[in-house]
Amino acid sequence: FPEFVRPAAMGALKGLVSAAINAKVDFSVDMQWGEAGYDNTKMLQARAPSQPPILVHPVTGEPHWFCNVHSHSSKLRKDRESIYGAERFEDGASQINKSDMYYGDDGAISDEDLEHMDEVTMKNVQFVKMTEGDVVLLDNYKCMHGRNVFDGTRKHGVAWFEGWTGEEEMKAKAQQSKQAAMA
């Protein structure tokens, strides 16, 4: 864009992207322009509101560390590219699902802290060898998950299950079990 049009165009683009993203999620996403993104170009970064790292499971009530730093950190993704080759990360979620990482006070998470989180995470990884046609269902609250590089096509489906038949009974039973365990 010519310089005199750039601020208006960037504002309009930010508004459109913000409206599209916020229509898809159940929390408010703030869009911010980055000056030196992953590949040193201008980019819009979606910033979700700060949240505590420990969340309560919606059914069991158990506390869980809920964090996507290991999966979505630009720095850790670049590190993996240097190991496996950048060409293995050129499309899909590997290209768009990464960002800079921040603490709850908006302070950047240092490279040293990211590397430590990666080290702790990798010490606890359990690899699951899959073959064509395999399906995996995971509880996002109980299981950090991801995938390693591979050859072939990945089919990825995400579903949030709420309001299913028997949901209230399941929650009540989980609550009773928790109370019985604490007695």
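Predicted model: local features only at pLDDT ≥ 70, side-chain atom pairs only at ≥ 80, totals over all residues.
Visitor: Why is the pair Arg6 and Glu3 called a salt bridge?

Guide: Happy to show you! Their side chains meet at 3.0 Å, N to O, and the cut-off is within 4 Å, so the pair qualifies.

Visitor: What makes Glu3 count as exposed?

Guide: Exposed asks for over 50% relative accessible area, and Glu3 has 55%, so Glu3 counts as exposed.

Visitor: Which parts does the pair of Asp118 and Arg80 tie together?

Guide: Asp118 lies in helix H5 (residues 111–123) and Arg80 in helix H3 (residues 74–84), so this pair links parts 38 residues apart in sequence.

Visitor: What makes Glu119 and Lys123 a salt bridge, and where do they lie?

Guide: Their N to O distance is 3.6 Å, and the limit is within 4 Å, so they pass. Both sit in helix H5, 4 residues apart, about one turn of the helix. Lys123, at 65%, is exposed, while Glu119, at 43%, is partly exposed.

Visitor: Which residues form the largest nonpolar core?

Guide: That core has 6 residues: Val69, Leu76, Met101, Ile109, Leu114 and Met117. Within this group, Met117 touches Val69 and Ile109, leaving aside residues up to four places away in sequence.

Conventions
Residues numbered from 1 in each chain as written. Heavy atoms only, no water. Core = buried A, V, L, I, M, F, W, Y, C linked by side-chain atoms within 4.5 Å. Buried < 20%, exposed > 50% of the residue type's maximum accessible area, 1.4 Å probe, protein only. Contact = heavy atoms within 4.5 Å. Helix = DSSP H or I, 4+ residues; strand = E, 2+ residues; numbered from the N terminus.
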